[in-house]
Amino acid sequence: MISARVGPGGSTLLVAPVRGLTSEATLLAEALDAFGPDRVGLGVSAEEFEGLNTYFVRSGAEPIVPLSPAETSEVRGLVRFGEVSVPNPSFVRAIGWARDRGLRAEPLDPSDERSASLFAEHIGYLELVRRTVRERGVGRRPPEPSTPDEFALAWDREVSGGRGSREFARARDRHLVREARRLGSDGGRLALVVDRERFDEVRELFDRGPPSTIESD
């Protein structure tokens, strides 16, 4: 897991655990305890947030989660670093952590409908074909770095290395940062949780200055 203080006076804690590893969820909870945020923002859509909250935080029994072939391969590649859980245990832990303390937790990514529109805007047919081929290739031969952090970054480079995929990711990150600034606009302490591969871009966007300097998606 990687983290950094961003925003005016370091009032926002940006935390980026490796997706899937249960040990990262524990580290995330420890970071939240140490920082003591007033609210928590997550890099998920409203629809995903509702599903996590309903079926994995508030429910007494967890449902079976079907995995795509690419997700199955990612889990197989990651499991050598420790126990892996689906859906992302770090997001589940963050929502539960905020709920247990009576704090506000909020999704900050575009809605599923808006994400689909952004995907269509940035990823054309040829890029979609290349992306599918890359996903199949990395599924057959997952990266074998020495740390989970390097694995997350290598996996993302393999799957989302095309220009359209990178532009789509940037559009999502711009939306997230604008929403994070809104959520923390009253000067309270905000903890922002995103997948590891989004850390660098999100941090850079925060470092650019006021919201007006972040272009629209």
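Biologist: How many salt bridges does a search of the whole structure find?

Modeller: The model is a predicted one, and the search finds 16 salt bridges in it.

Biologist: What makes the pair E197 and R19 a salt bridge?

Modeller: The closest N and O atoms of E197 and R19 are 2.6 Å apart. The cut-off is 4 Å, so the pair qualifies. E197 lies in the loop between β5 and α9, R19 in the loop between β2 and α1, and 178 residues separate them. Both also belong to a network of salt bridges with E74 and D195.

Biologist: Why is the contact of E50 and R58 called a salt bridge?

Modeller: Their side chains meet at 3.6 Å, N to O. This value is within 4 Å, and therefore the term applies.

Biologist: Is E106 buried or exposed, and how do you know?

Modeller: E106 has a relative accessibility of 14%. Buried means under 20%, so E106 counts as buried. Its salt-bridge partner is R182, at 2.3 Å, N to O. R182 has a relative accessibility of 37%; that lies between 20% and 50%, so R182 is partly exposed. The pair links strand β4, which holds E106, with helix α8, which holds R182.

Biologist: Which residues touch the most other members of the largest nonpolar core?

Modeller: They are V40 and L42, in a core of 21 residues. Helix α4 supplies the largest share of this core, 6 residues. Beyond its neighbours within four places in sequence, V40 is in contact with residues including A94, W97 and E106.

Technical notes
Residues numbered from 1 in each chain as written. Predicted model: local features only at pLDDT ≥ 70, side-chain atom pairs only at ≥ 80, totals over all residues. Heavy atoms only, no water. Core = buried A, V, L, I, M, F, W, Y, C linked by side-chain atoms within 4.5 Å. Buried < 20%, exposed > 50% of the residue type's maximum accessible area, 1.4 Å probe, protein only. Helix = DSSP H or I, 4+ residues; strand = E, 2+ residues; numbered from the N terminus. Contact = heavy atoms within 4.5 Å.
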